[in-house]
Amino acid sequence: MADMNTDIIEAFRTNAGVLGADVAGGYFDGKRLVLLHHVGRVSAKEYVTPLVAASDGDAYVLCGSAAGAPKDPAWVANVEDGPGETTIEVGDQTVRATTTVVRPTSPEWERLYGIWAEYWPAAREYETHTDRQFPVIRLEPQA
């Protein structure tokens with residue numbers, strides 16, 4: 001996965017965030033991605049993870065689906081244990097963003113997950129691979 005992520009990140013940065021059918025088998029063609037910067041809560045290593053991002057007004061909604069894996073992806077815990085803000089790359093801009101991890105127990109979860117699932121229809125298929133409900137992360141760019 002690291003090699004694919006490296007290729008996606010390189011293509012993202014080369015093309016101001018626009019990925020076409022020639023990247024990752026066209027998996028992200030026509031979808032908005034952000035590059036999420038986060039620090040490993042155990043390793044303290046800095047990571048950059050490309051993620052599909054739906055819009056919630058001026059904010060972005062990410063989902064820790066891991067394509068339906070039985071556990072949340074590590075980046076979710078890194079963000080959740082982080083300082084409440086991070087850096088994201090959107091298009092050709094790098095901005096600071098406030099992070100809010102929203103779990104299924106939150107009243108806001110259903111609305112935010114609905115936004116993401118509508119934007120990324122494969123979410124419904126991912127749900128069939130696991131019993132867990134996916135956390136969503138709201139990223140609000142800072143002025």
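**Salt bridges.** I searched the whole structure and found 11 salt bridges, counting a side-chain nitrogen of Lys or Arg within 4 Å of a carboxyl oxygen of Asp or Glu. Before going on, I noted that this is a predicted model, where local features need pLDDT of at least 70 and side-chain atom pairs count only at pLDDT 80 or more, while totals for chains, interfaces and linings use all residues. Residues are numbered from 1 along each chain as its sequence is written, and side-chain values use heavy atoms, with hydrogens and water left out.

I began with Arg138 and Asp56, whose side chains meet in a salt bridge at 2.8 Å, N to O. This pair links distant parts of the chain, since Arg138 is in strand β7 and Asp56 in strand β3, 82 residues apart. Helices (H or I, at least four residues) and strands (E, at least two) are DSSP runs here, numbered from the N terminus.

Are the two partners buried or exposed? Arg138 counts as partly exposed at 23% relative accessibility, whereas Asp56 counts as buried at 11%. For these words I used under 20% relative accessible area for buried, over 50% for exposed and partly exposed in between, with a 1.4 Å probe and protein chains only.

**More about Asp56.** Strand β3, where I found Asp56, covers residues 54–56. The Asp56 side chain also makes a polar contact with the side chain of Arg111, at 2.9 Å. A polar contact is a pair of N or O atoms within 3.5 Å; within protein, one must be able to donate a hydrogen and the other to accept it, and residues adjacent in sequence count only if both atoms are side-chain atoms. Leaving out residues up to four places away in sequence, Asp56 touches Val61, Arg111, Leu112, Ile115 and Arg138, where contact means heavy atoms within 4.5 Å.

**Around Arg103.** Which residues form salt bridges with Arg103? One is Asp72, with the closest N and O atoms 2.6 Å apart. Here Arg103 lies in the loop between β6 and α3, and Asp72 in the loop between β4 and α2, 31 residues apart. Another is Glu80, at 2.8 Å between the closest N and O atoms. Glu80 is in helix α2, 23 residues from Arg103. I checked accessibility too: Arg103 is partly exposed at 26%, Asp72 is partly exposed at 27%, and Glu80 is partly exposed at 36%.

**Asn78.** Staying with helix α2 (residues 74–80), I looked at Asn78. Asn78 is buried, with a relative accessible area of 9%. Its side chain makes a polar contact with that of His38 at 3.1 Å. Beyond its neighbours within four places in sequence, Asn78 is in contact with His38, Val39, Gly40, Arg41 and Tyr47.

**The sheet.** Next I traced the strands: 7 of them form an open, antiparallel sheet in the order β2-β1-β5-β6-β7-β4-β3. Two strands pair if DSSP finds at least two bridges between them. β2 (46–52) and β3 stand at the edges with a single partner strand each, so one side of each has no neighbour in the sheet. On average, neighbouring strands are turned by 35° against each other, direction ignored. I looked at one pairing in detail: β5 (residues 85–90) and β6 (residues 93–102) run antiparallel over 6 bridges. Thr86 stands opposite Ala97 in β6.

**Helix α3.** Helix α3 (residues 109–119) packs on the sheet and touches β2, β3, β4 (59–63), β6 and β7 (136–141). Its direction makes about 140° with that of β3, taking axes as lines fitted to C-alpha atoms, for helices over the stretch in contact, with angles from 0 to 180 degrees between N-to-C directions.

Which residues of α3 are buried? I listed Trp109, Leu112, Tyr113, Trp116, Ala117 and Tyr119. On the face turned away from the buried side I found the exposed residues Glu110 and Glu118.
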